[in-house]
Amino acid sequence: MTDIGPVGHTHQHRVTVARAVMSLIAAYGVDTVFGIPGTHNIELYRPLQELGLRTVTTRHEQGAVFAADGWSSTRGIPGVVITTSGPGLLNALSAAGTAWAESRPLLLLSPGRERGLPIERSGALHETKDPLGATASVLSWSRRAESASEAIDAVHDAFRFFRCARPGPVHVELPLDLLTEAWSAALPQPRRIEAAPLPPHPEVHRASEILSAAARPAILAGGGSASAGSSLQTLAERLGAPVVTTVNGKGVISERHPLVVGSDIRLPAVQSLLSSADVLLVVGSDIGDAELWGGSITPEKIVRVDIDPAQTRRLFTPESTLIGDAAAIVPLILQSLSLPESERGCWGDVAALRGEVSRETRSARPDLSRIVESVAKAIPGDAIIAGDSSQVTYLATSTLFRSAQANQLLYMPTYATLGYGLPAAIGAKIAAPDRTVVGLIGDGALMFSIQEFITAVEQQLCLPIVCVDNGGYGEIRDNMTDAGMTPIAVDLVQPDWAALGSALRGRGCVAAPDSVGEAVRDALQHPLPTLIHVRVDRSG
């Protein structure tokens with residue numbers, strides 16, 4: 001077997017360090033790689049087809065990372081992105097910053113200058129002053145491999161990090177000459193990853209005793225609780241504890257469960273419930289201001305479960321702290337409870353609070369609420385909605401789309417960048433081709449990544465993308481009005497969205513807020529993506 005190289009030379013097929021790296025990534029269970037081929041990274045692409053790895057070529061590196069995030073959230077394993085050096089790597093960094101802020105696992109691979117070359121300016125193609133400094137300042141960690149063994153160790157360390165620490169994005173730079181270096185040993189295999197250590201039994205017992213003695217226990221579940229959903233539900237039932245989640249924790253316990261309030265911790269009524277608790281169990285959440293929206297919670301006592309020790313010391317002084325994986329710790333708490341096995345009655349009126357939250361949402365933004373509820377009625381119970389930093393997402397979808405399981409709403413509430421929703425929807429659909437995936441996105445956010453619509457066409461994805469058009473940057477328009485300003489630079493010229501869907505070789509149509517669901521149903525009958533344009537009142 002032979003390959004033709006970039007300058008016309010014939011290369012005998014051989015195992016290289018690049019192939020060993022990609023083989024190891026595949027052996028860890030990854031079957032899809034996102035990115036854009038470039039002059040310097042083609043050796044990372046060379047073995048992908050032979051290894052059975054699906055390649056998804058986005059139209060921008062930011063889209064590659066967001067798509068990998070949607071894929072990872074849906075599949076439950078880390079996303080992998082290949083960029084080229086210099087601009088490709090830097091283009092990916094804002095999206096990788098999202099993965100850091102939201103604690104999402106991501107492995108970013110890029111080529112780097114050859115070993116032994118000076119760092120000072122030389123005029124080389126894609127020359128970058130300090131790529132490792134740039135990536136290290138944004139990601140969880142960044143590392144340059146100087147040898148084959150260091151390259152393989154970096155991959156092993158990345159997958160161990162994803163399992164045993166607070167997840168986040170990591171970067172491995174592979175020098176150009178290392179990528180083509182011959183690999184003479186057997187192809188590397190995954191290492192056994194030991195589970196994160198468990199807290200000592202006395203600490204677990206103390207936490208269980210505090211919870212058992214509570215008259216008004218409550219649970220706040222964040223994104224770090226996703227793997228503990230079943231045991232967390234049992235714990236809530238044993239305690240009779242109302243459950244509130246962050247947006248990243250949405251659906252950890254089905255939002256149709258009678259104890260689950262929902263993911264509306266931003267609202268004062270929900271914060272009041274949590275503040276009324278005599279003991280609040282916080283699982284896998286930093287309780288950040290991006291979720292509280294300037295509000296606060298003040299329960300009498302707090303018990304915290306988190307894999308990141310630093311998080312347990314933020315904002316509160318907990319009565320008890322348990323460090324480790326929630327999936328392992330919550331069952332230990334259950335086993336140690338000094339309560340009857342039967343379920344205990346809930347002290348809070350969850351149904352009434354849920355009704356109040358829904359009414360408040362519909363009253364504040366009836367137009368957006370009608371759109372979300374119309375879409376929700378049109379899709380099956382396990383469907384995935386990809387949102388963005390759009391008013392329709394954080395003012396309506398996060399409340400009115402009731403999730404039955406974790407990661408049904410793809411969103412990034414902490415980093416809150418624009419351009420996430422469309423590529424995230426693409427990644428989710430590739431990860432779960434048999435599930436319904438819908439993008440429900442504002443026009444301002446969609447314009448950040450509209451080029452990825454043709455990526456969805458290329459991947460032949462049945463994917464309705466609903467563009468909620470309020471004429472530009474609606475939130476900032478509202479902010480300016482609230483600040484006593486005349487809005488400036490926020491009312492934007494809009495394309496013919498339906499025609500744009502067709503021009504990008506998919507489909508396009510126009511729908512009214514009350515009939516979006518019908519348009520979504522129709523779109524789900526077609527093999528290619530459909531861009532559905534919905535106009536709402538600019539004034540909100």
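Me: Which elements each supply at least two residues of the lining of the second largest pocket?

Reply: Strand S6 (106-112) and helix H6 (131-136) do. S6 gives the largest share, 3 residues. Before going on: this is a predicted model, where local features need pLDDT of at least 70 and side-chain atom pairs count only at pLDDT 80 or more, while totals for chains, interfaces and linings use all residues. Residues are numbered from 1 along each chain as its sequence is written, and side-chain values use heavy atoms, with hydrogens and water left out. Helices (H or I, at least four residues) and strands (E, at least two) are DSSP runs, numbered from the N terminus.

Me: What makes something a pocket, and what makes a residue part of its lining?

Reply: The search runs on a 1 Å grid over the protein atoms alone; a pocket is an open set of points with protein on both sides within 12 Å along at least five of seven lines, whereas a cavity is a set where a 1.4 Å probe fits but cannot get out. Lining residues have an atom within 4 Å of a point. By that rule the second largest pocket has 26 lining residues, and Gly-112, Arg-113, His-126, Glu-127 and Thr-128 lie nearest its centre. Its volume is about 470 Å³, where a volume is the space filled by probe spheres set on the grid points, which are joined across faces, edges and corners.

Me: How many residues line the largest pocket, and which lie nearest its centre?

Reply: There are 49, with Ser-103, Pro-167, Gly-223, Gly-224 and Ala-226 nearest the centre. Helix H4 (61-75), helix H7 (148-164), S13 and strand S16 (409-410) give two or more residues to that lining. The volume comes to about 1,200 Å³.

Me: How are the lining residues of the largest pocket split by class?

Reply: You get 21 nonpolar, 19 polar and 9 charged. Ala, Val, Leu, Ile, Met, Phe, Trp, Tyr, Cys and Pro count as nonpolar, Asp, Glu, Lys and Arg as charged, and the others, Gly among them, as polar. On that scheme the second largest pocket has 10 nonpolar, 8 polar and 8 charged lining residues.

Me: Why is the pair Arg-144 and Glu-173 called a salt bridge?

Reply: The term asks for a side-chain nitrogen of Lys or Arg within 4 Å of a carboxyl oxygen of Asp or Glu. Arg-144 and Glu-173 come in at 2.7 Å, N to O, so the pair qualifies. Arg-144 sits in strand S7 (residues 141-144) and Glu-173 in strand S8 (residues 169-175), 29 residues apart. Arg-144 also forms a salt bridge with Glu-146, the closest N and O atoms being 2.8 Å apart. The whole structure has 24 salt bridges.

Me: Are those residues buried or exposed?

Reply: Buried means under 20% relative accessible area, exposed over 50%, and partly exposed in between (1.4 Å probe, protein chains only). Arg-144 is at 11%, so buried, and Glu-173 is at 2%, so buried as well. Glu-146, at 37%, counts as partly exposed.

Me: What does the salt bridge between Arg-507 and Asp-522 tie together?

Reply: Their side chains meet at 3.2 Å, N to O. Arg-507 lies in strand S19 (residues 507-511) and Asp-522 in helix H22 (residues 516-523), so parts 15 residues apart in sequence are tied together. Arg-507, at 26%, is partly exposed, and so is Asp-522, at 38%.
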